[in-house]
Amino acid sequence: MEINLHELTDEELILEFQQNDTERAFEILVHRYKNPLTNYVFRFIGNYDACSDVVQETMIKVHRYKDSYSSVAKFSTWIYTIAGNLARTEYKRQRRRQFISISDYGDEHKTFDIPDEAYRPDVMTDSGIKDEIIQRALLKVKDAYREAVILRDVQGMSYEEIAEILKVNEGTVKSRINRGRAQLQTLLKDIYNE
Amino acid sequence: MPVKDDDKKYNDVIKTLNQLQEVKAPADFEARLMKKINSEKYKEKKVQTIWNQFFIPSRLIPSAGLAAAAIIVFFVVTLNSEELEDPLQMEPRVREDIMEIVDYDEIKLEREDKKQKDESPLEKRTNMTESSVTEDRGSGERMEEEVIESFTDDEMIADIDSVPTESMITSTTEPITLPTEGETEMATGLAISKENLNFRQIQLSEEEQEVVEQLRQKVQIQAADSLKIE
């Protein structure tokens with residue numbers, strides 16, 4: 001009897017991929033997670049090209065280390081943990097690169113206006129501009145708080161699942177989410193006053 | 001519930017974040033991904049084949065032999081190599097059985113102690129000289145004094161100095177022993193005769209010889225008289 005892979009859960013698909021090396025099962029998983037992961041990583045690092053590379057790298061790791069997944073945990077927790085780790089590394093690398101490129105200008109006490117290619121008002125709609133402002137505000141929130149807020153309010157995950165992904169207890173997750181929200185509220189007060 | 005209270009408190013923020021447009025993956029995401037995965041697989045295969053090539057028997061046997069030979073050579077070289085020490089850099093060997101005597105007075109004192117116990121060969125020699133002087137008393141008291149003076153302390157020390165240094169440096173248990181005439185002869189390789197002992201030979205004039213003869217006769221007469229009286 002032929003199995004309809006599309007009907008299988010994430011955990012069943014990865015099991016099929018582990019046991020029978022079914023590439024189709026992997027492709028279905030990629031199809032299911034490529035957009036949620038892209039959204040999560042982009043909101044965290046704020047750079048689309050880098051975000052795309054991070055998600056690609058996440059999928060490659062899933063493919064290569066498929067046997068390290070244990071069915072005890074949810075597949076979504078496992079793949080978000082991988083993506084989160086890679087996103088954090090990429091974000092740190094970006095910040096370091098930005099710091100070095102500013103230092104290369106020579107004069108330490110001078111300030112520079114760095115052109116931001118990502119934000120282009122001429123090609124954006126009103127909602128797009130609002131999104132951009134929110135994204136900039138998100139990037140100003142502390143990394144640990146931002147990560148928790150994105151997983152909760154953008155991805156819609158439960159506190160329990162976030163705690164598993166971030167490898168902290170639920171109390172810490174709630175605390176981080178509240179602090180992140182508080183920071184965002186301060187940063188976005190102009191939008192709410194409109 | 002505190003969580004629900006927090007949700008109400010930050011309701012605006014939550015609503016704003018929920019309304020954010022979903023960022024989607026690029027259209028060619030899957031194609032790029034599969035291309036990367038296939039290239040990774042190719043890399044793995046390539047690495048595996050190189051690894052396998054290294055361990056094929058035709059290469060493994062000579063390389064194992066070479067490795068074994070290298071190990072043997074290493075051990076042979078290591079075992080046979082002696083650590084040569086630069087003699088100029090070496091510390092002098094300390095001989096514990098030897099005590100260095102810096103002060104010469106110590107040697108003299110020991111010699112005097114020895115003198116009290118038994119006569120040393122040097123003293124014997126001095127006595128012999130004295131007796132020879134008494135025999136030749138006819139040549140006058142001046143000559144006697146000169147002979148005795150010829151063995152002053154300085155000369156005695158000089159005599160001691162002539163003894164080899166090694167014998168001066170004595171062990172703590174053995175006292176200093178001055179060499180006998182025979183020993184000196186053996187040590188130096190030269191026989192000590194009366195002629196070599198620095199005696200001053202005086203040629204007496206005829207008048208002096210007469211005076212000496214008279215004195216000798218007087219002494220003999222006095223000696224004879226004293227014997228008769230006894």
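**Figure 1. Contacts across the sequence of chain A in the predicted model**. Among the contacts in chain A with a separation of 6 or more, 60% are between residues 24 or more positions apart. Chain A contains 9 helices and 0 strands. Read from the N terminus on, its elements run α-α-α-α-α-α-α-α-α. Of its 194 residues, 32% count as buried.

**Figure 2. Helix H3 of chain A and its buried residues**. Helix H3 of chain A covers residues 48-64, which is 17 residues. From the first C-alpha to the last, this helix reaches 24 Å. That span is close to the 24 Å expected at 1.5 Å a residue. Eight names make up the buried set of H3(A): A:Cys51, A:Ser52, A:Val54, A:Val55, A:Gln56, A:Thr58, A:Met59 and A:Val62.

**Figure 3. Packing of helices H6 and H8 in chain A**. Helix H6 of chain A spans residues 143-154. The axes of H6(A) and H8(A) cross at roughly 95° and come within 8 Å. Angles of 65 to 115 degrees count as roughly perpendicular, so H6(A) is roughly perpendicular to H8(A). On the H6(A) side, the contact is made by A:Ala144, A:Tyr145, A:Arg146, A:Ala148, A:Val149 and A:Arg152. H8(A) contributes A:Val173, A:Arg176, A:Ile177, A:Arg179, A:Gly180, A:Arg181, A:Gln183 and A:Leu184. By class, the residues of this contact divide into 7 nonpolar, 2 polar and 5 charged.

**Figure 4. Packing of helices H7 and H8 in chain A**. Helix H7 of chain A runs over residues 159-166, and helix H8 of chain A over residues 170-187. They pack at an angle of about 100°, and their axes are 9 Å apart. H7(A) and H8(A) are therefore roughly perpendicular to each other. From H7(A), the contact takes A:Tyr159, A:Glu160, A:Ile162, A:Ala163 and A:Leu166. From H8(A), it takes A:Glu170, A:Val173 and A:Lys174. This contact of H7(A) with H8(A) has 5 nonpolar, no polar and 3 charged residues. A:Val173 of H8(A) is listed in the contact with H7(A) and also in the contact with H6(A).

**Figure 5. Elements, burial and confidence in chain B**. Chain B has 11 helices and 0 strands. From the N terminus on, the order of its elements is α-α-α-α-α-α-α-α-α-α-α. Buried residues make up 6% of the 230 residues in this chain. Among the contacts in chain B between residues at least 6 apart in sequence, 62% join residues at least 24 apart. The mean pLDDT of chain B is 69, and 43% of its residues reach 70 or more. Over residues 156-176 of chain B, pLDDT stays under 50. For that stretch the model has 23 contacts beyond four places in sequence.

**Figure 6. The contact between chain A and chain B**. The contact takes 25 residues from chain A and 23 residues from chain B. On the side of chain B that touches chain A, the elements giving two or more residues are helix H1 (2-9), helix H2 (11-18) and helix H3 (29-54) of chain B. H3(B) supplies the largest share of this side, 7 residues. By class, the side of chain B that touches chain A has 12 nonpolar, 3 polar and 8 charged residues. The model scores ipTM 0.80 and pTM 0.53.

Methods:
Residues are numbered from 1 along each chain as its sequence is written. Chains are lettered from A and ligands numbered from 1 in the order in which they are written. This is a predicted model: local features need pLDDT of at least 70, side-chain atom pairs count only at pLDDT 80 or more; totals for chains, interfaces and linings use all residues. Helices (H or I, at least four residues) and strands (E, at least two) are DSSP runs, numbered from the N terminus. A residue is buried if 20 or more other C-beta atoms lie within 10 Å of its own, exposed if 12 or fewer, and partly exposed in between; C-beta atoms are placed from the backbone. Two residues are in contact if their C-beta atoms, placed from the backbone, lie within 7 Å. Axes are lines fitted to C-alpha atoms, for helices over the stretch in contact, and angles run from 0 to 180 degrees between N-to-C directions. Angles under 35 degrees count as roughly parallel, over 145 as roughly antiparallel, 65 to 115 as roughly perpendicular and the rest as oblique. Ala, Val, Leu, Ile, Met, Phe, Trp, Tyr, Cys and Pro count as nonpolar, Asp, Glu, Lys and Arg as charged, and the others, Gly among them, as polar. The expected span of a helix is 1.5 Å times one less than its number of residues. pLDDT is the predictor's confidence in each residue, from 0 to 100.
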